[in-house]
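Let's take a walk through this structure together, one stop at a time. Have a look at it first, and then we'll start.

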Amino acid sequence: MKRIMGIISLVQDDSRIKEFTAKRPIGAIPIASRYRMIDFSLSCLVNSGIDNVGIMLPTRARSLLDHIRSGKEWDLARKRKGLSYLPPIFEGERSRLGNIASAYDNIDFVNQSDEEYILLVGGDIVYNMDFLSVYDCLRESGADIVAVYTRARADKDEPGALITAALGSNVVTDITFCSSVKVGDNVGLGIYLMKKSVYVDLVASAYERGGIDFLRDALMTMGDKYVAVGYEHTGYAVTIGSTMTYYRVSMEMLEPAVWEELFMGERAIYTKMWDRAPVEYKSTAEVSDTLAANGCIVRGKVDHSVIFRGVVIEEGAVVQNCVVMQGAVIQAGVHIANAILDKNVTITEDKRLGGAFNYPMIIGKGITI
């Protein structure tokens, strides 16, 4: 896969998950007790043998830069190639908007590379796949572009790009952006493989027409200029674009089959390392069906929840169906259910809080209740 450059776009619509993106991009959102969203795409690229990776940064990138740093954990801290940050270009008091503008601003990075192909992925996908099969699909089909999709497993009242292929083939005949998704729909994952010349042409053409988004203003308007084929990823894959999807995926990771597919196979998911002690389960702790990261201290009851690093749950506290991010403190006597707690939240003694399983309570970063 030395012929492929990977580009991760973090310039994404976060309007449906804005509770977590006030100071961080979607790619920096914590998930699965010790990972960040971008870990999945970065790890998939590296595991596929792609060693030249550029990250198109949004304006709020500090937490993501702190997480990835030199890329050492992904074996991308190299003298030649490796990891490159592609920052937005500022004009006056504000930056240009959209991933087309960001791609155009950094087109020299692509043109100066030795690779023949560009693999464009998002930083908002939970998945674990080998991109070698995507490359094989492009090479064997003779097409110009491969668009990766997955079949929706359930109805979702959330927008998605639906990919339609010709009967009896995988040639894409239509890409539509719909407000909701039905079970069985071919939902695009925002992963595209193409020759470098095709990528440069699509970006430049869309930018010159005033385009903003690569999918809507480049792929969906290219007409017959290029041939695209679809590649179905049959494993677990979800694009997280809303708070509800984030919560649902977090709960699905408690299912052994999902966890094993994502994290226990031959292709590891890498993340920033933290040197902390293992979880301390005290004599009063009752824990079931829970993911808990290192550095936690548990004295209370925890059921069907995801607990991040450094969380403290005091004796007499009950935590159920929750996502509790790093550094949170749940004091004695607290009962909390169906909730997402961002980093460094404190719930003081004897509070009773909860949402519904299909509409969780959200407590913002650093809040004390």
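When two residues are said to be in contact here, they have heavy atoms within 4.5 Å of each other. Keep in mind, too, that what you're looking at is a predicted model.

You'll find Ser250 in helix 8. Is Ser250 buried or exposed? Buried means under 20% relative accessible area, and Ser250 has 2% relative accessibility, so it counts as buried. If you set aside its neighbours within four places in sequence, Ser250 is in contact with Ile31, Val306 and Val323. Its side chain also reaches the backbone oxygen of Tyr246, at 2.9 Å.

Two of those names come up again at our next stop, the largest nonpolar core. This core has 66 residues, and Ile31 and Tyr246 are among those that touch the most other members, along with Val126, Tyr127, Phe131, Ile191 and Met253. Which helix gives the most to this core? That's helix 1, with 5 residues. In soluble globular proteins, nonpolar side chains tend to be buried together.

Leaving out neighbours within four places in sequence, its contacts are Phe40, Ser41, Cys44, Val121, Ile191, Tyr236, Ala237, Leu262 and Ile269. There's also another core lying apart from the largest one: it has 32 residues, including Met5, Leu86, Ala103 and Ile118.

One of Tyr127's contacts, Leu262, takes us to helix 9, which covers residues 256–263. The buried residues of this helix are Val258, Leu262 and Phe263. Look down the axis of helix 9 and these buried residues fall within an arc of 95°, so they line one face of the helix. An α-helix has 3.6 residues a turn, so residues three or four places apart point the same way. What do the buried residues of helix 9 pack against? Their partners are strand 3 (35–36), helix 1 (38–47), strand 9 (125–127) and helix 8 (243–252). The face turned away from the buried side carries Pro256 and Ala257, which are exposed.

Last stop: Glu73, in the loop between helix 2 (62–68) and strand 5 (82–86). Glu73 and Tyr270 are 197 residues apart along the chain, yet their C-alpha atoms are separated by 6.5 Å. Not counting residues up to four places away in sequence, Glu73 touches Tyr270, Thr271, Lys272 and Met273. The side chain of Glu73 also makes a polar contact with the side chain of Arg69, at 2.8 Å.

Notes:
Residues are numbered from 1 along each chain as its sequence is written. This is a predicted model: local features need pLDDT of at least 70, side-chain atom pairs count only at pLDDT 80 or more; totals for chains, interfaces and linings use all residues. Side-chain values use heavy atoms; hydrogens and water are left out. Buried means under 20% relative accessible area, exposed over 50%, partly exposed in between (1.4 Å probe, protein chains only). Helices (H or I, at least four residues) and strands (E, at least two) are DSSP runs, numbered from the N terminus. The arc is that of the directions from the helix axis to the C-beta atoms. A polar contact is a pair of N or O atoms within 3.5 Å; within protein, one must be able to donate a hydrogen and the other to accept it, and residues adjacent in sequence count only if both atoms are side-chain atoms. A nonpolar core is a set of buried Ala, Val, Leu, Ile, Met, Phe, Trp, Tyr and Cys residues joined through side-chain atoms within 4.5 Å.
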